[in-house]
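This report looks at selected surface, helix and side-chain features of one protein model. Please read it alongside the sequence and the coordinates.

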Amino acid sequence: MTEQRQENLQQHDGFTNPQSYIQFLSYIFPSMVTMIFLSFYTTIDGFFASRFINKEALAAINIVLPITCIYFGLAVMLATGASAVISMKLGEGRDSEASSFFSFTLQVLVGVALLLTVGGIIFLKPILVALGSTEILLPYTIPYALVSIIFILPMMLKLFLEYFVRVDDAPGVALAMSATGLIGNVLLDALFIIVFDMGILGAALGTAIAITISAAIGVHYFLCRSKRLKLGKPKANWHLLGYCCYNGSSEMFTEFSTGIATFLFNLAVLQVYGEAGVSAYSLITYAYYFFIAFYFGVSVGAAPVISYNYGAGNPRKMREYFRYSMGTILGASVIIFLISHFGNDWLIHLFSKEAEVIAIAAPALRLFSYGFLFMGINTFAGSLFTAVCNGKISALISLLRSLVFVILGLYLLPRTPLGVKGIWLTVPFADFCTLMITLICFYHYRNIYYPPLLQPENKQNMQN
């Protein structure tokens with residue numbers, strides 16, 4: 001091992017030294033809480049809309065969701081793809097290259113955000129109509145979507161910078177960003193909706209302003225407090241950027257597919273239940289986003305460590321984090337299933353007081369809950385393969401679970417004796433089918449993400 005790499009390993013003790021399972025949980029805990037807080041942003045708007053506006057406002061938020069999935073997806077693609085490469089560069093002791101490419105990727109993100117903002121404003125109404133917004137819902141979807149589009153840049157910055165403060169070994173800063181945004185969102189939604197009676201416009205402004213404050217914390221960190229990643233003069237590397245986009249495409253596909261799946265679900269339930277069905281599906285998605293945040297928290301918390309040690313040639317640490325992560329995911333899957341399956345009535349009543357909506361959503365969540373048994377492993381697998389720069393497999397897993405099998409399930413299951421129940425069993429069907437593919441990929445690529453411990457005489461050769 002070179003002296004530079006040895007020095008960098010010592011600087012990142014948490015990234016390299018063996019840990020107990022309790023230490024592992026302590027390390028990823030900020031990431032888990034961060035992802036849970038992130039899941040609350042849309043949920044908070046839905047809670048206030050359902051409780052203090054009406055079911056049309058709740059349905060409108062879900063109609064707009066595919067739009068947010070587009071810019072969230074692009075931000076996550078750049079963040080996950082580039083963070084894997086940058087983490088490996090840091091593991092190899094190439095800090096200057098890592099910082100330069102980080103600055104370049106951030107510059108690209110700003111450009112993309114501005115283009116999306118202009119395009120979204122110009123084509124706002126046609127997009128909303130295409131997404132299924134009816135004449136009843138347009139007075140609610142237009143203001144909510146317009147504010148979301150105007151604030152695309154800070155929203156993308158928040159997601160992007162939260163990933164990189166973890167890469168810079170500062171998960172507590174990511175937690176502070178999310179906590180500040182979450183608390184601000186709750187307070188501002190209450191102020192704008194309850195006190196000022198601004199309706200759905202207040203929900204949109206509350207979220208946008210809170211996220212902007214959160215993004216500002218991340219910008220301040222990299223301008224003033226960062227450890228190894230520094231904002232500086234960016235050096236364009238379009239070839240490497242293209243590779244990062246490819247490597248992070250699985251996370252983008254997950255977001256895009258979520259948007260497409262939401263659109264398809266909205267159409268399906270709109271035909272069967274009307275606007276109340278869209279509102280009910282909104283409540284199902286809130287439960288989904290909250291619970292899957294645990295899986296994402298483990299995945300994004302472990303990914304920088306896996307990438308760093310993949311670049312540093314440290315198989316023991318990669319094996320340790322795989323075992324701990326899988327054990328945590330499996331345990332959480334069982335607990336989440338039990339809560340969502342047997343506590344479905346309580347969860348739905350927490351968000352809605354509309355009897356018509358509750359009558360649809362409560363039994364639907366009971367059926368939907370089976371998906372939580374399978375989606376955790378699939379979620380972790382997508383992040384794992386991105387972390388070791390196997391974007392092809394990561395994209396395959398994400399595309400299958402989020403789109404291909406969802407479309408197949410929505411087409412086939414309602415045409416079986418299950419009838420309408422097939423709509424709510426589509427996600428469990430999709431994740432179970434994907435799990436079969438995931439297990440095959442785990443077996444085939446096991447020597448990459450769970451490398452054998454090298455003999456002492458060969459280890460020196462690999463690390464050099």
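Leu191 is partly exposed, because its relative accessible area is 32% and the partly exposed class lies between buried, under 20% relative accessible area, and exposed, over 50% (1.4 Å probe, protein chains only). The model is predicted, so local features need pLDDT of at least 70 and side-chain atom pairs count only at pLDDT 80 or more, whereas totals for chains, interfaces and linings use all residues. Residues are numbered from 1 along each chain as its sequence is written, and side-chain values use heavy atoms, with hydrogens and water left out.

Leu191 is found in helix 9, where helices are DSSP runs (H or I, at least four residues) numbered from the N terminus. Together with Phe52, Ile194, Val195 and Phe196, Leu191 forms a nonpolar patch on the surface, with about 470 Å² of accessible area in total. A patch of this kind takes residues with over 30% relative accessible area and no salt bridge, and joins nonpolar side chains (Val, Leu, Ile, Met, Phe, Trp, Tyr) within 5 Å; the areas come from the Shrake-Rupley method with a 1.4 Å probe, and for residues only the protein chains shown count as cover. Helix 9, spanning residues 171-195, supplies the largest share of the patch, namely three residues.

**Helix 8**

Helix 8 (residues 152-167) contains 16 residues and reaches 23 Å from its first C-alpha to its last, which is close to the 22 Å expected at 1.5 Å a residue; the expected span is 1.5 Å times one less than the number of residues. Helix 8 is mostly covered, with 15 of its 16 residues buried. Just after helix 8, Asp169 takes a positive phi of about 60°.

**Salt bridges**

Eight salt bridges are found in a search of the whole structure, each being a side-chain nitrogen of Lys or Arg within 4 Å of a carboxyl oxygen of Asp or Glu. Three of these pairs are listed here.

| Salt bridge | N to O distance |
|---|---|
| Arg94 and Glu92 | 2.6 Å |
| Glu97 and Arg94 | 2.8 Å |
| Lys317 and Glu320 | 2.9 Å |

Lys317 and Glu320, by contrast, lie three residues apart in helix 14 (residues 315-342), about one turn of the helix. Lys317 counts as buried because its relative accessibility is 2%, and Glu320 is buried with a relative accessible area of 7%. Salt bridges that share partners join Lys89, Glu92, Arg94 and Glu97 into one network.

**Ser340 in helix 14**

Where in the model does Ser340 lie? Ser340 is part of helix 14, and Ser340 counts as buried because its relative accessibility is 0%. The side chain of Ser340 reaches the backbone oxygen of Ile336 at 2.9 Å, and a polar atom of that side chain lies 3.2 Å from the backbone oxygen of Phe337. Polar contacts are pairs of N or O atoms within 3.5 Å; within protein, one atom must be able to donate a hydrogen and the other to accept it, and residues adjacent in sequence count only if both atoms are side-chain atoms. Leaving aside residues up to four places away in sequence, Ser340 touches Phe291, Leu347, Leu365, Ser369 and Phe372, contact meaning heavy atoms within 4.5 Å.

Key. Patches are made of residues with over 30% relative accessible area and no salt bridge: like charges are joined within 9 Å, nonpolar side chains (Val, Leu, Ile, Met, Phe, Trp, Tyr) within 5 Å. Helices (H or I, at least four residues) and strands (E, at least two) are DSSP runs, numbered from the N terminus.
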